[in-house]
Amino acid sequence: MRRGCVWEMLACVTTALLVLNCCMVAADVATCSGIVPMVYRYDKISITDFGGVGDGRTLNTKAFEEAIYRIKHLRRRGGTILYVPSGVYLTESFNLTSRMTLYLAKGAVIKATQKTGNWPLIAPLPSYGRGRERPGGRYISFIHGEGLHDVIITGEKGTIDGQGGVWWNMWRRRTLRYTRPNLVEFKDSKGIIISNVIFKNSPFWNIHPVYCSHVVIRHVTILAPPSSPNTDGIDPDSSSHVCIEDSYISTGDDLVAIKSGWDEYGIKYGRPSTDITIRRVVGSSPFAGIAVGSETSGGIYNVLAEHITLKNMGVGIHLKTNIGRGGIIKNITISDVYMVNVRKGIKIAADVGDHPDKNYNPNALPVLNHVRIKNVRGKKVEQAGLIQGLKNSPFTDICLSNINLHGYPRRNNVPWKCSYVSGGAIQVRPSPCSDLIHRSSCPIQGR
Ligand SMILES: *[C@@H]1O[C@H](CO)[C@@H](O)[C@H](O)[C@H]1NC(C)=O
Ligand SMILES: *[C@@H]1O[C@H](CO)[C@@H](O)[C@H](O)[C@H]1NC(C)=O
């Protein structure tokens, strides 16, 4: 026991109540620990053993490929650490392998080439049917993992830099042939830890676990300019047991967006995102802070987001879906959110996002049920809330409690707006729509 804690205990002896109180608080700090078992690796190689040069100019693709080939084929017990020392290592995209740790030392930068001409293509995700922004295949992510287990990306706050500017410009000029690469993607993988790394200027989404389970992302920093297109921070997609915590994310699109496939392709693939935890995340973006969707076709269940701090945002909390999506969004809890300078505090809507093609089924309506949003504070929030369900698929059991979203002083702030929603509201300021007030289906809650 720490010495400070002994003192605390002594101080607590005076009242039994206080003892109880202090011990409960100490035990209460929830973390992602235990979701992926920690492994200790004894075998270690350095990228410099494979000809890696960190001068910012030499292309290191071969060095990464050979080092990872060595890890894959030597199959050392406990796996192998690939150490990247201080320096700037320019490279093309590369694939990871199972039972490895990519370790970025202090001052290490793994930097994506800006020569996009030879960037490899891979097949579209079956749950999307095509690339997310262009038909057909998609560019492989800068750092890619497929069918892997037991992979760690960590270190001493080194940087993975996507140099996305060239890609953003192709998007702006409409010269993209295929969907832009993610910075890091794991597909069909499990037992992934990403921690203590800075992600910078991703061409597209930053971290994309898709068809994965048991993924921990903690103590990461994700940075891209507010004007950069589609630079989502973390997108758990048709994945389960994903835990994200203690991170700072400031990008040009949603900070964390939970997804599960796109319209008829996602419905057919049928893989939900479940058991997703997000806590102690701080960030800024012109789009959403905590988002579900808009691709929700495989369903999204059992989400907990708590202790979120948002500044200079488009939408604080955004649950979004569309007709044609199908899919059930259920059991979503978002609590203890602080936001300042935000266009919309809470938005839940079923008219968001585009369709992969004309073959989507207009009768495949999304279902949204059992959402809890509580303990939300905000300042300079232009519109506190907007909840718009579908006439033929109203949102049900939406419970808002202890919400206080102040507008701009001396300004006409936009009132709540709702349609096709049922649920309840307790202690919500400004006062929400009557749809919620009159039907008090909220359970009596703890603090
Ligand atoms: C990387 O992985 C992808 C997907 O499994 C594969 O298509 C590609 O050939 C791999 N690239 C290399 C260089 O091995
Ligand atoms: C709802 O989700 C929470 C996680 O936020 C989970 O602990 C709980 O078991 C889920 N409830 C049901 C009925 O599945």
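1. A colleague's look at ligand 1 to begin: by class, its shell holds one nonpolar, two polar and one charged residues. Please keep in mind as you read that this is a predicted model.

2. Here are the names behind that shell. Around ligand 1 you will find Asn-95, Ile-122, His-144 and Glu-146.

3. Four strands make up an open sheet, running in the order β5-β10-β13-β16, with parallel pairing. Its edges are β5 (94–95) and β16 (207–210); each has a single partner strand, so one side of each is left without a neighbour in the sheet.

4. One pairing deserves a visit in your viewer. Strand β13, which covers residues 184–187, pairs with β16 in the parallel sense, and four bridges join the two. Within β16, Val-210 is the residue that stands opposite Lys-187.

5. On to ligand 2. Its surroundings consist of Asn-302, Val-303, Leu-304, Asn-331 and Thr-333. Two elements, β22 (300–320) and β23 (328–349), each give two or more residues to this shell.

6. Which element gives the largest share of the shell around ligand 2? That is β22, with three residues.

7. For ligand 1, by contrast, the shell includes one charged residue.

Notes. Residues are numbered from 1 along each chain as its sequence is written. Chains are lettered from A and ligands numbered from 1 in the order in which they are written. This is a predicted model: local features need pLDDT of at least 70, side-chain atom pairs count only at pLDDT 80 or more; totals for chains, interfaces and linings use all residues. A residue is near a molecule or strand if its C-beta atom, placed from the backbone, lies within 6 Å of it. Ala, Val, Leu, Ile, Met, Phe, Trp, Tyr, Cys and Pro count as nonpolar, Asp, Glu, Lys and Arg as charged, and the others, Gly among them, as polar. Two strands pair if DSSP finds at least two bridges between them.
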